[in-house]
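Work through these exercises with the structure open beside you. Try each task before you read its solution.

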Amino acid sequence: MRTFGDLHDYVDANDYLIEARVPYDGTPATVDIIVAVQDEVTRRLSAPGRPYCTHGTCTYPRHDHTTTVGADGEDLAPPAPMGCQHCHQPALYDEKLHRYRHDDPNAADCFLIREPS
């Protein structure tokens, strides 16, 4: 996840605003507070050097960081860490989103791994 909006792929991110008791009465002042909170969450999520999940460290049960198919199509036993078949960066399959992603959320998207449009 790189942004407050990305949180919505996993949870209702607005619940964080509610739990923090950020008021919402539709006034420009409260809209400014909400935008400031969302911007701060995005800043923290996309901070360089922020740890991200990868093979051997990820505890999210719906991420699969392994593959049983080698680079030449051969079967692997035991499974090996997954790499993007296009750019070879560490990758994962996100079962919740039903798509492959790079482990590093700040990695540039490539030909085979793209953000949904």
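**Exercise 1. Find where His-98 lies, and decide whether it is buried or exposed.**

Step 1. His-98 is exposed, because its relative accessible area is 60%. The terms have cut-offs: buried is under 20% relative accessible area, exposed is over 50%, and partly exposed is in between, with a 1.4 Å probe and protein chains only.

Step 2. His-98 sits in the loop between strand S4 (91–94) and S5. Helices (H or I, at least four residues) and strands (E, at least two) are DSSP runs, numbered from the N terminus.

Step 3. Check the backbone. Phi of His-98 is positive, about 60°, although the residue is not a glycine.

A note on the source: this is a predicted model, where local features need pLDDT of at least 70, side-chain atom pairs count only at pLDDT 80 or more, and totals for chains, interfaces and linings use all residues. Residues are numbered from 1 along each chain as its sequence is written, and side-chain values use heavy atoms, with hydrogens and water left out.

**Exercise 2. Decide whether His-102 is buried or exposed, and list what it touches.**

Step 1. His-102 is in strand S5 (residues 99–102).

Step 2. The relative accessible area of His-102 is 5%, so His-102 is buried.

Step 3. Look for contacts (heavy atoms within 4.5 Å). Leave out residues up to four places away in sequence; His-102 then touches, among others, Cys-84, Cys-87, Leu-92, Cys-110 and Ile-113.

**Exercise 3. Which residues of H3 are buried?**

Step 1. Start with the helix span. H3 has 18 residues and reaches 26 Å from its first C-alpha to its last, close to the 26 Å expected at 1.5 Å a residue. The expected span is 1.5 Å times one less than the number of residues.

Step 2. Thr-30, Ile-34 and Leu-45 are the buried residues of H3. They lie on the same side of H3, because they cover an arc of only 50° around the axis. The arc is that of the directions from the helix axis to the C-beta atoms.

Step 3. Turn to the face away from the buried side. That face of H3 carries the exposed residues Pro-28 and Asp-32.

Step 4. Find the cover. Helix H1 (4–7) and H2 are included in what covers the buried residues of H3.

**Exercise 4. Which elements give two or more residues to the lining of the largest pocket?**

Step 1. The largest pocket holds about 370 Å³ of space. On a 1 Å grid over the protein atoms alone, a pocket is an open set of points where a 1.4 Å probe fits, with protein on both sides within 12 Å along at least five of seven lines; lining residues have an atom within 4 Å of a point. A volume is the space filled by probe spheres set on the points, which are joined across faces, edges and corners.

Step 2. The elements are strand S2 (66–69) and strand S3 (75–81). S3 gives the most, with three residues.

Step 3. Look at S3 again. Pro-78 is found in S3, and a cis peptide bond joins Ala-77 and Pro-78, with omega about 5°.
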